[in-house]
Amino acid sequence: MNSVLVASNRGPVSFTVSDDGVLTMRRGGGGLVSGLSGVAKDDGVLWVCAALSDDDRGAVRLSPGGRLDQAGYDTGPLRMLDIPATTFHRAYNAVANSTLWFVNHLLYDIPNAPSFGIRFAREWESYRDYNGAFALALAEEAGHGARVMVQDYHLTLTPAMLRAERPDLRIAHFSHTPWAPPEYFSLLPDEVAGEVLEGILGADHAGFLAERWAAAFMDCCEAVLGAEVDRAARSVTHEGRTTRIGVHSLGVDGAALWERAGEPDVESHITAIREQVGDRRLIVRIDRTELSKNIVRGLVAYGEFLAAHPEWHGRVVHLAFAYPSRHDLPEYREYTASVQRCAQEIENEFATEDWDPLILNVHDDYPRSLAAYRMADVLLVNPIRDGMNLVAKEGPVLSPRCALVLSREAGAAAELGPYALMVNPYDISGTADALHRALVMPEDERRARRDKLRAAATALPPQKWLAAQLDALG
């Protein structure tokens, strides 16, 4: 039985089946996986996650009880859940990514969406079943009095479900997203809004990446549930139980990141990029094609910068690595297409025979991303709204002279804002101006800011981040 467990939708590994039928394991994607993979494996924490694909399900079915580590895979303690594909699709795509994500990132086109009817009721029932599968697995795996760390918006109902099964456990829930203010959160059907909040309040400790998200959650508990909120003590009391609220800003492990960034595959990408761009200055962005990441406005701002500053023509290249995300959802497929159309417009307007002003890549390649970090003169991070943003922290750690252009709506702005060039993510002209200021920043100021960014980014690496929450559980 396990004394510390982590539960999340996405796990540290995923699988693909080759043409000859061989299962191949690869590193899982996403910021949460990046932050937790090393510490969970090194400390012997049991990770419980869902199978995301048919290939993942195939690997699970070859593993006793879904324990991949007991089937010979080098994963660290890991249980992967084979949740029925239809249930998973409804829970993950229709509720988690198309509803809860949209609410907490304020993404809805309000005149047209959302609309909650019979179809959503069926989808919400699948979300309940999905959360219930996690609660059951955690109850089976946890030793008496174990500490359980439930992660993110996919699993908002799990803490209360798990407490009903195992009242002896000490349970934490952590939200890696922003949290919506009550007036926006209340777009959800009343019973759903209440169920989400009560699900998280089933935990002893509810954690958030920034003060503003924790405050919004407490505001929702007060407005929607009528809960007793003590903002000074950071606690919410509802139906006789008190949940403590914590703020834990996840940082990066600088030493581990540098070790990975020094590998030969990263060096080869540096060589390839340098051959492609020459000695030109580099503006870098690394994102998923996620609606909240604001890639299109960032590209338009770069185009406006080029139009306003012809002296930079031929002297700068924008590396935009925008990896496709959630292509099961039509909004995301269209957004990826919009990114590609915008990039082509910039190429058509500004490219010359010997200068390619923009290199857009829409294929995930982690070593290439690390190479781009190391080469960046400017890092552009301009989300509409972001729980924190690990890219904003990883870049300054790896780049020797990176100036950071950062959205004020990223959770990381609370820590990095004093040392970054802050922008309103909707202000394209302001972002274009910030790109120019970042490029012409004097070298001594650039390095001084980078040093402070690096210190802030590594202040709470994953080991300390996890330890702080475990300590909060007692």
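Is Glu 195 buried, partly exposed or exposed? In this predicted model, Glu 195 turns out to be partly exposed, with a relative accessible area of 22%. Its salt-bridge partner is Arg 128, and the closest N and O atoms of the two are 2.7 Å apart. Glu 195 belongs to helix H7 (residues 190–200) and Arg 128 to helix H4, so the bridge links distant parts of the chain, 67 residues apart. Arg 128 also counts as partly exposed, at 26% relative accessibility.

Another one joins the side chains of Asp 204 and Arg 241, at 3.2 Å from N to O. Here, too, distant parts of the chain are linked, since Asp 204 sits in the loop between H7 and S8 while Arg 241 is in strand S11 (residues 241–247), 37 residues away. Asp 204 is buried, with a relative accessible area of 16%, whereas Arg 241 is partly exposed at 27%. Arg 260 and Asp 265 meet in a salt bridge as well, at 2.8 Å from N to O. Both ends are partly exposed: Arg 260 has 26% relative accessibility and Asp 265 has 30%. Then there is a whole network, in which salt bridges with shared partners join Arg 67, Asp 69, Arg 79, Glu 140 and Glu 141.

Now for the rings. The count of aromatic pairs comes to 16. One of them is Trp 124 with Tyr 127, a stacked pair with 4.8 Å from centre to centre and 25 degrees between the planes. Both residues lie in helix H4 (residues 118–141), three residues apart, or about one turn of the helix. Trp 124 is buried, with a relative accessible area of 3%, and Tyr 127 is buried too, at 0%.

Trp 179 and Phe 208 meet in another way: their ring centres are 6.1 Å apart and their planes stand at 85 degrees, so this pair is edge-to-face. Trp 179 comes from the loop between strand S7 (170–175) and helix H6 (182–185), and Phe 208 from strand S8 (residues 205–208), so the pair ties together parts that are 29 residues apart in sequence. Both Trp 179 and Phe 208 are buried. Elsewhere, Phe 88, Tyr 92, Tyr 130 and Phe 134 gather into one aromatic cluster.

Charges and rings meet as well. The charged end of Arg 315 sits over the ring of Trp 312, 4.0 Å from its centre, and that of Arg 368 sits over the ring of Phe 321, 5.1 Å from its centre.

Conventions. Residues are numbered from 1 along each chain as its sequence is written. This is a predicted model: local features need pLDDT of at least 70, side-chain atom pairs count only at pLDDT 80 or more; totals for chains, interfaces and linings use all residues. Side-chain values use heavy atoms; hydrogens and water are left out. Rings of Phe, Tyr and Trp (its six-membered ring) pair if their centres lie within 6.5 Å; planes under 30 degrees apart count as stacked, over 60 as edge-to-face and the rest as tilted. Helices (H or I, at least four residues) and strands (E, at least two) are DSSP runs, numbered from the N terminus. Buried means under 20% relative accessible area, exposed over 50%, partly exposed in between (1.4 Å probe, protein chains only). A charge sits over a ring if NZ of Lys or CZ of Arg is within 6 Å of the ring centre and within 35 degrees of the ring normal. A salt bridge is a side-chain nitrogen of Lys or Arg within 4 Å of a carboxyl oxygen of Asp or Glu.
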